[in-house]
Amino acid sequence: MTDSPFTDDEIEAGRKLFAAPVAFVKGVVDLEGLPRPDRAEVAFAGRSNVGKSSLINALANRKNLARASNTPGRTQELNFFDLDAGRAYLVDLPGYGFAEAPKSHVDAWTRLMLDYLRHRANLKRVFLLIDARRGLGSVDKDVLDLLDKSAVNYQVVLTKADKIKKSELASAVDSALAVLKKRPAAHPRVMATSSEKGLGLPDLRAEINALASQG
Ligand SMILES: Nc1nc2c(ncn2[C@@H]2O[C@H](COP(=O)(O)OP(=O)(O)OP(=O)(O)O)[C@@H](O)[C@H]2O)c(=O)[nH]1
Ligand SMILES: [Mg+2]
């Protein structure tokens with residue numbers, strides 16, 4: 001794995017951000033419900049079951065802050081979390097790509113995401129979570145298209161790294177990088193994380209802290 005690009009001070013600032021209170025604000029089902037865009041915002045997107053809610057819990061060292069469940073597709077709202085009493089929003093986006101979803105559901109999800117991604121001026125970055133075992137699949141690539149079209153800054157984060165060997169994780173990072181090379185809007189670094197074992201969390205906290213500092 002590549003070494004951390006962050007200094008000790010940056011890692012410490014990230015730790016502090018998530019040691020401060022992280023609080024659930026609200027779940028939102030349409031644009032009217034969005035909180036005012038008065039602070040920096042980052043969002044977690046990814047297939048249903050990829051580990052978005054678990055990663056938010058793990059970053060905040062909490063067990064049940066964001067609902068993590070075994071029932072795919074349960075989180076069908078944009079869930080807003082407040083970081084450090086008003087410093088930034090962290091958003092748990094509704095999962096996509098579960099097998100039995102009817103087309104009307106997929107269309108509604110796409111519309112909501114496009115609305116959100118295009119109109120959220122305070123959105124600093126979308127972290128696109130990808131299961132390290134599966135890599136970027138065709139639905140993920142559809143979402144990459146959506147992100148490119150919306151001109152938002154995005155970065156791939158591999159999840160569940162504890163489920164594969166170190167060598168496999170290195171190839172998963174390389175494969176993701178190869179896909180992203182053709183996408184100029186993608187952040188050039190891919191992070192590997194495990195909510196279970198804590199791998200990659202200090203770096204991700206530092207990354208989010210740097211984005212939160214953009215105001
Ligand atoms: N081993 C392992 N399991 C994980 C990890 N992260 C999440 N999981 C498991 O994966 C399942 C799905 O995790 P969630 O966090 O609920 O996934 P989600 O992306 O929020 O799913 P939706 O809300 O349905 O979109 C749960 O059973 C978690 O315990 C991880 O880092 N390691
Ligand atoms: Mg969830």
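1. Asn-61 is exposed, having a relative accessible area of 62%, where exposed means over 50%, buried under 20% and partly exposed in between, with a 1.4 Å probe and protein chains only. Asn-61 sits in the loop between α2 and β3, helices being DSSP runs of H or I with at least four residues and strands runs of E with at least two, numbered from the N terminus. The phi of Asn-61 is positive, near 55 degrees, in a residue other than glycine. As background, most residues other than glycine have a negative phi.

2. A word on the source of these values: this is a predicted model, in which local features need pLDDT of at least 70 and side-chain atom pairs count only at pLDDT 80 or more, while totals for chains, interfaces and linings use all residues. Residues are numbered from 1 along each chain as its sequence is written, chains are lettered from A and ligands numbered from 1 in the order in which they are written, and side-chain values use heavy atoms, with hydrogens and water left out.

3. The sheet is open and consists of 7 strands in the order β1-β3-β4-β2-β5-β6-β7, with mixed pairing; two strands are taken to pair if DSSP finds at least two bridges between them. At the edges stand β1 (22-28) and β7 (191-192), each with a single partner strand, so one side of each is left without a neighbour in the sheet. Helix α3 (residues 103-119) packs on the sheet and touches β2, β3 (78-83), β4 (88-92) and β5, its direction making about 30 degrees with that of β3. Helix α5 also packs on the sheet, touching β6 (154-159) and β7, and its direction makes about 155 degrees with that of β6. Contact here means heavy atoms within 4.5 Å, and the angles run from 0 to 180 degrees between N-to-C directions, with axes fitted as lines to C-alpha atoms, for helices over the stretch in contact.

4. Several of the strand pairings can be followed residue by residue. Strand β2 (residues 40-46) runs parallel to strand β5 (residues 123-131), to which 6 bridges join it, and Ala-43 has Val-126 as its bridge partner in β5. Strand β2 is also parallel to β4, with 5 bridges, and here Ala-40 is partnered by Ala-88 of β4. By contrast, β3 and β4 pair in the antiparallel sense over 5 bridges, with Phe-81 opposite Leu-90 in β4.

5. Which residues of β4 point one way, and which the other? Ala-88, Leu-90 and Asp-92 point one way from β4, Tyr-89 and Val-91 the other way, and all are buried. With 5 of its 5 residues buried, β4 is therefore largely enclosed by the rest of the structure.

6. The loop between β3 and β4 deserves a look in the model. The hairpin of these strands has 4 residues between them, and Asp-84 there takes a positive phi near 50 degrees. Ala-85, in the loop between β3 and β4, likewise has a positive phi, near 50 degrees, and counts as exposed at 68% relative accessibility.

7. Strand β6 is mostly covered, as 6 of its 6 residues are buried: Tyr-154, Val-156 and Leu-158 point one way, and Gln-155, Val-157 and Thr-159 the other. The pairing of β5 with β6 is parallel over 6 bridges, and Ile-130 stands opposite Leu-158 in β6.

8. Glu-168 belongs to helix α5 (residues 166-180) and is partly exposed, with a relative accessible area of 36%. The side chain of Glu-168 reaches the backbone nitrogen of Lys-165 at 2.8 Å. The C-alpha atoms of Glu-168 and Leu-158, which are 10 residues apart along the chain, are separated by 12 Å.

9. The axes of α2 (residues 52-59) and α6 come within 10 Å and cross at roughly 85 degrees, which makes α2 roughly perpendicular to α6. Leu-55, Ala-58 and Leu-59 of α2 make this contact with Leu-201, Leu-204, Arg-205 and Ile-208 of α6. Helix α2 is mostly covered, 7 of its 8 residues being buried. The axes of α1 (residues 8-19) and α6 come within 7 Å and also cross at roughly 85 degrees, and α1 and α6 are therefore roughly perpendicular to each other; angles of 65 to 115 degrees count as roughly perpendicular, those under 35 as roughly parallel, those over 145 as roughly antiparallel and the rest as oblique.

Methods. Polar contact = N/O pair within 3.5 Å; in protein donor to acceptor, adjacent residues only side chain to side chain.
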